[in-house]
Amino acid sequence: MTSTPTGKTEFRPMAICCALFFILGFITWANGTLIPFLKIACNLETDLQAFFVTFASYIAYFFLAIPSSWILKKIGFQNGLVVSLIILGLGSLVFIPAADNRSYGLFLAGIFIQGSGMALLQTAVNPYLSIIGPIDSAAQRISIAGFFNKTAGIIVPILFGTLFLKDAGKVTAQLEAATDVNAQNAILDGLIARVHTPYISLAVIFVAFAIFLKFTKLPEVDVDAEDESDATQVLVRKTSVFQFPHLFLGSLAIFFCVAVEVMAGDIIGVYGRELNVNSFFVTYATAFTLLCMLFGYIVGIIAIPRFVSQQFALRICTIVGLLFTTISVFTTGTTSFIFVALLGVANSLMWPAIFPLGIKGLGRFTKTGSAIMIMGIAGGAIWPLIYGLLKDTLHVDFQHAFLYAMIPAYLYILFFAVKGHRLGK
């Protein structure tokens, strides 16, 4: 394979990355629908139990990110993409026996396997996007790929919401009315069988795309080779990845970035239900947030770096996030719901700005550094559980629990945007 020049962005690898980001978005944001669906279908008692859907998906990044970087070093970027898609297909197939046995644990296992595939995929794709063109416009390229990611995020809650939750209120009423255990089981079996066709179809699509990629010529970026030709005196003095404090501060920023994304994108359905908004908004709640994120990505594609730097965009986004969170907590009904959805605008440019800032200047440590950044995605696993713990276990009002979860996260991201990304440079 040939190395991709860093002075320009090639179309083919960019197009492939956009397609992969669409797949990532589809699987990731399916969680928003799976949370309320599995709560009903698996007869879960609390929202906290249902939030383990996001935990199973995002915690895989923490455990698999570093091993993923080792795998990529062994088998290369393109083979890594092929393997990740096959893993996604296997995870999708686990949903079939999970549905047949109505086993929540098996569903979580399938989601974790999918998360493992996404960890490998993310570890490869994000640094690739940052390197195939100038680093100062990396946020723009990630925004373009993010456009496809969030487009999938809009499609999946509409598609899965229609397939899985179209008559959720009616099913819940039937369950409450049924006094016989066998009758309840029959209702739940009919409901959970809805996952068969969608997830078998996804498995076929993932494997087909893996075969396509296997036989497609895709240039490999040799990070180490580029570092050697570009090495500066600063890099020569660096002997360990631990000598880049901005990397670890960036990974923590990714942790909180994904935390607020998941809170606004996946938890919004639960939040809307607590607000007693129209059932239409609850069913398609994630789509509203993702639509707002899509708008933010369009702004990023246009504005970065032509009009604003990625650092300045990150500062503006965090301030807007703090403002919209506060408004959502101290309003009620549809107004409060709308401002949670509008957090999608605030969250849209955070990842595209944080990731390149975190790996900037790592040189030969870029592959390991990008894996450390990817580990931060575990924020999406932890933060919904903290929210659920506050709401269900400690009995904090659901809006105040949302405030306590979101404000510290945004404040840290603001610190990284203003000062953290410069430390150690």
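Predicted model: local features only at pLDDT ≥ 70, side-chain atom pairs only at ≥ 80, totals over all residues.

Q: What is the volume of the largest pocket?
A: Rolling a probe the size of a water molecule over the atoms shows where empty space is left. For the largest pocket, the volume comes to about 680 Å³.

Q: Which residues lie nearest the centre of the largest pocket?
A: The lining of the largest pocket counts 27 residues. Nearest the centre lie Pro36, Ile40, Ala168, Thr172 and Arg273.

Q: How many charged residues are in the lining of the largest pocket?
A: The lining is sorted by class. It has 12 nonpolar and 9 polar residues. The charged residues number 6.

Q: How many cavities of 30 Å³ or more does a search of the whole structure find?
A: The largest cavity has a volume of about 230 Å³. The search of the whole structure gives a count of 2.

Q: Which elements give two or more residues to the lining of the largest cavity?
A: This cavity is lined by 17 residues, and Gln122, Asn149, Lys150, Glu261 and Trp351 lie nearest its centre. By class, the lining divides into 11 nonpolar, 4 polar and 2 charged residues. The elements that give two or more residues are α1 (11-29), α4 (52-75), α7 (138-165) and α13 (245-265).

Q: Which element gives the largest share of the lining of the second largest cavity?
A: The lining of the second largest cavity includes Gly32, Thr33 and Pro36. It has 5 nonpolar, 5 polar and no charged residues. At least two residues each come from α2, α7, α15 and α16 (285-303). The largest share, 3 residues, comes from α2.

Q: How many disulfides does a search of the whole structure find?
A: A disulfide needs two cysteine sulfur atoms within 2.5 Å. For cysteine 17, the nearest cysteine sulfur is that of cysteine 18, 7.1 Å away. For cysteine 292, the nearest is that of cysteine 317, 13 Å away. The number of disulfides found is 0.

Q: Is cysteine 17 buried or exposed?
A: Buried means under 20% relative accessible area. Cysteine 17 has a relative accessible area of 1%, so it counts as buried.

Q: Is cysteine 292 buried or exposed?
A: The cut-off for burial is again under 20%. Cysteine 292 has 15% relative accessibility, so it counts as buried.

Key: Residues numbered from 1 in each chain as written. Heavy atoms only, no water. 1 Å grid on protein atoms, 1.4 Å probe; cavity = no way out; pocket = protein on both sides within 12 Å on 5 of 7 lines; lining within 4 Å. Points joined across faces, edges and corners; volume = space filled by probe spheres on them. Nonpolar A, V, L, I, M, F, W, Y, C, P; charged D, E, K, R; others polar. Helix = DSSP H or I, 4+ residues; strand = E, 2+ residues; numbered from the N terminus. Buried < 20%, exposed > 50% of the residue type's maximum accessible area, 1.4 Å probe, protein only.
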